[in-house]
Amino acid sequence: MPTRLTHKLLFLLHALGLALLTGCASFVQGPVALDQQALTTTPGKIGVVMAPLPVPSVAIEGAGCVLCYLFAKNALSELNEHAGSLPVDDLLSLKAEVVDALRARGLDAEPIDEVIDFTTFPDVEERQPDHTSKDLRALRSKYGIERLLIISVHRLGFHRLYSSYFPRGNPRGELAGSGEMIELSTGRFEWLEPVYAARDVAGEWDEPPSFPGLTNAYYQAMEAGRDAFLNVFSAPNQAAPVSSR
Amino acid sequence: MNARLYLIGLLLGTLAITSPVAAATTSEGIVLRVPADPVPWRAVVTESGTASGASVLYPAPSPEAFLAALITHGIFNESSRRSREHALQAEADKVLEPYAAIVASMRQVNLAKEAGTRLGASVAATGQAITTTGLILDYAPTYFLTPDQRAVVLAVSVSVRRTPNATEPTYANVVRAVSQPLAAADPQAWWLADNGAHMHSEAASLLQSALAAVVTDMQGDPWRDIAERTVRYREGGNERVERAKFIPTGCNRATLRTLRGELMLVPLSTRTNGEQTSPCE
C-alpha cells in the first residue's frame with residue numbers, strides 16, 4: 001500500500017511523462033477523436049494503463065494575483081482539507097472496466113498494472129502532428145501489444161471559479177482527465193481527448209466539516225467521468241462525451 | 001440485524017402500495033396531521049446552476065471599500081443565482097400545464113386518507129384537535145413531475161411528535177421518494193386518464209411510502225453497520241447518482257440514507273452494481 005507521499009510522487013512522475021508524450025509548449029498537440037476504424041480492423045492487442053490517481057483537492061481558477069490566490073486558498077482551506085480525506089477507490093476499477101468494454105467489442109485487450117515512466121523513453125527524431133514525442137516501440141515487445149491506451153485523471157475533487165478576490169459561483173465536484181490511444185509502431189495518436197465532468201451541489205454547499213452536499217457532488221462527478229471514459233468504447237458510432245459541464 | 005428488521009418494515013410498506021389491506025409499521029397509533037391545501041406541484045429542473053458570469057472588477061482603494069465590494073459582490077451573486085433558478089423553474093413548470101385542472105382539484109386530506117389507510121394511520125384534518133396518543137406526523141409535501149413525465153417525485157419534510165402540542169419534534173427528516181419510471185408510450189395520456197386517477201394514486205402511494213420510511217427510521221438505527229456507496233437510480237428516463245447508505249427493498253427499489261442524513265426511496269438503475277433485484281410485475 002503506497003503512502004500518500006509515494007502516491008503523489010507517482011502521480012507527478014506520470015503527469016510529467018504524459019506532458020512529454022504530447023509535447024512541450026512549442027508544439028501544440030490538439031485533441032484527436034477516436035479512430036473507430038482502428039478498432040474495427042485488426043488492431044492487435046491493446047494494453048490499457050491507468051495513471052496513478054491524484055489526491056483530491058480544491059482547484060482555484062481565476063484568482064489571478066498572488067494575494068487573490070492566497071485569499072481564495074485561505075477561504076477554502078477547510079474544504080481542501082476535507083477533499084484530501086476523500087477516497088478515490090471508486091475509480092480504481094476503471095482500467096478493468098475499459099478492458100471489459102474493449103473485449104465486449106471483440107478486441108484483444110489486457111490491463112497493464114505497472115506504472116510506465118514515459119520520461120525514460122527516447123525522443124523521436126522529428127515530431128509529427130498527431131504523433132507522440134517519444135519512441136514507445138519498446139513497449140510492443142515488452143508487453144506483446146500493438147496499441148497503448150492511457151487513462152489519466154489529472155484533477156479530482158472540487159473546483160471554484162474566482163474573479164480576482166471574488167467567487168463567481170459555488171464550488172463544484174470535478175474530475176478532469178484525458179484519454180490517449182497510441183499505435184506503438186508509428187507513435188500515432190488514435191485517440192487523444194480531454195475528459196471532464198463537473199457536478200453542482202444540490203442546495204447549500206458550505207457545510208463544514210463534512211460538506212455532505214459537495215461530497216455528494218464529488219462522487220457524482222466521479223461517476224460522470226467514469227461514464228465519459230467508458231462511453232468512448234461502448235458504442236462504435238457514438239461521439240465521445242468529452243464534457244458534461 | 002437492524003438492517004434486516006428495517007428491510008421487513010419497508011417491505012411491509014411497499015406491499016401496502018399494492019394491497020388494500022393496511023400494514024401497520026408500528027404498534028403505536030399513527031396520526032397524520034393534514035397540511036393545508038393546495039397540494040404543491042412543480043417540475044423537476046434538470047439543468048443545475050453552473051458557475052458562470054463575467055469577470056468582476058471592483059475598485060478597492062481601502063480595506064473598507066474592499067469589504068464593501070466583497071459584500072456587494074456576495075449579494076449580487078446570490079441574487080443572480082436565485083433569479084436564474086426562478087427562471088429555470090418557471091420554464092420547467094410548463095410541463096405541468098396539461099395537468100393544471102387535476103393538480104388544482106387535488107386535496108391534502110384525500111391523499112392523507114389514502115396514505116393513512118395503507119399505513120394504518122388515522123387522519124386529523126387541518127385544525128382538528130388530536131386526542132389520541134402515539135406518533136403524530138406533521139408533514140409538508142411537494143410533488144414534482146420529471147420533464148419526460150415518466151416519474152413523480154415527492155419531497156416531503158416530516159416531523160414526528162408524541163404529544164400533539166410538543167414544541168420540539170422527537171424526530172424530523174426529509175424524504176425524497178421517486179416513483180417507478182413509467183413505461184407507457186404516452187405518459188401524459190396515462191396520467192390524465194380517468195380524471196387523473198393514476199396521478200392521485202401515485203401521489204398517495206409515494207406519501208405512504210415516505211411516511212412509512214420515517215416511522216421505521218425513527219424506531220432504531222438500521223444504518224449503523226452499513227457502508228456508504230455510490231448508488232445509481234432512475235428518475236423517469238434519467239439516471240441519477242447519490243452517495244448514500246443503501247438498503248435494497250425488493251422490486252428493484254432501495255432506501256438510501258444520504259450524506260446529509262435524509263432518506264430517499266428510489267428505483268434502482270440496472271447499473272447499480274450487484275444489487276439489482278427482480279422486478280415485481
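Colour chain A by secondary structure and follow it from the N terminus: its elements run α-α-β-β-α-α-α-β-α-β-β-β-β-α, which gives seven helices and seven strands. Here helices (H or I, at least four residues) and strands (E, at least two) are DSSP runs, numbered from the N terminus. This is a predicted model, in which local features need pLDDT of at least 70 and side-chain atom pairs count only at pLDDT 80 or more, while totals for chains, interfaces and linings use all residues. Residues are numbered from 1 along each chain as its sequence is written, chains are lettered from A and ligands numbered from 1 in the order in which they are written, and side-chain values use heavy atoms, with hydrogens and water left out.

Stay with chain A and show its surface. The accessible surface comes to about 10,900 Å², of which 55% belongs to carbon and sulfur atoms; such areas come from the Shrake-Rupley method with a 1.4 Å probe, and for residues only the protein chains shown count as cover. Of the 245 residues of chain A, 51% count as buried, where buried means under 20% relative accessible area, exposed over 50%, and partly exposed in between (1.4 Å probe, protein chains only).

Next, select Cys65(A) and Cys68(A), which form a disulfide with their sulfur atoms 1.9 Å apart; the term stands for a pair of cysteine sulfur atoms within 2.5 Å. The link of Cys65(A) and Cys68(A) is right-handed, with 85 degrees about the S-S bond. Cys65(A) is partly exposed, with a relative accessible area of 30%, whereas Cys68(A), at 2% relative accessibility, counts as buried.

Now move to chain B and select strand β5 (residues 152–161), where eight of the ten residues are buried. On one side of the pairing list is strand β4 (residues 135–145) of chain B, which pairs with β5(B) in the antiparallel sense over ten bridges; two strands pair if DSSP finds at least two bridges between them. Within these strands, Pro141(B) stands opposite Val156(B) in β5(B). The hairpin of β4(B) and β5(B) has six residues between the strands, and Gln149(B) takes a positive phi near 60 degrees there.

For the aromatic rings, display Phe, Tyr and Trp (its six-membered ring), which pair if their centres lie within 6.5 Å; planes under 30 degrees apart count as stacked, over 60 as edge-to-face and the rest as tilted. By this rule there are seven aromatic pairs over all chains. One of them joins Trp205(A) and Phe211(A), stacked at 6.5 Å centre to centre with 10 degrees between the planes, and both residues are buried. Another stacked pair is Trp41(B) with Tyr143(B), at 5.1 Å centre to centre and 20 degrees between the planes. Trp41(B) lies in strand β2 (residues 41–43) of chain B and Tyr143(B) in strand β4 of chain B, so this pair ties together parts that are 102 residues apart in sequence. Both Trp41(B) and Tyr143(B) are buried.

Finally, select Phe158(A), Tyr218(A) and Tyr219(A), which ring pairs link into a cluster.
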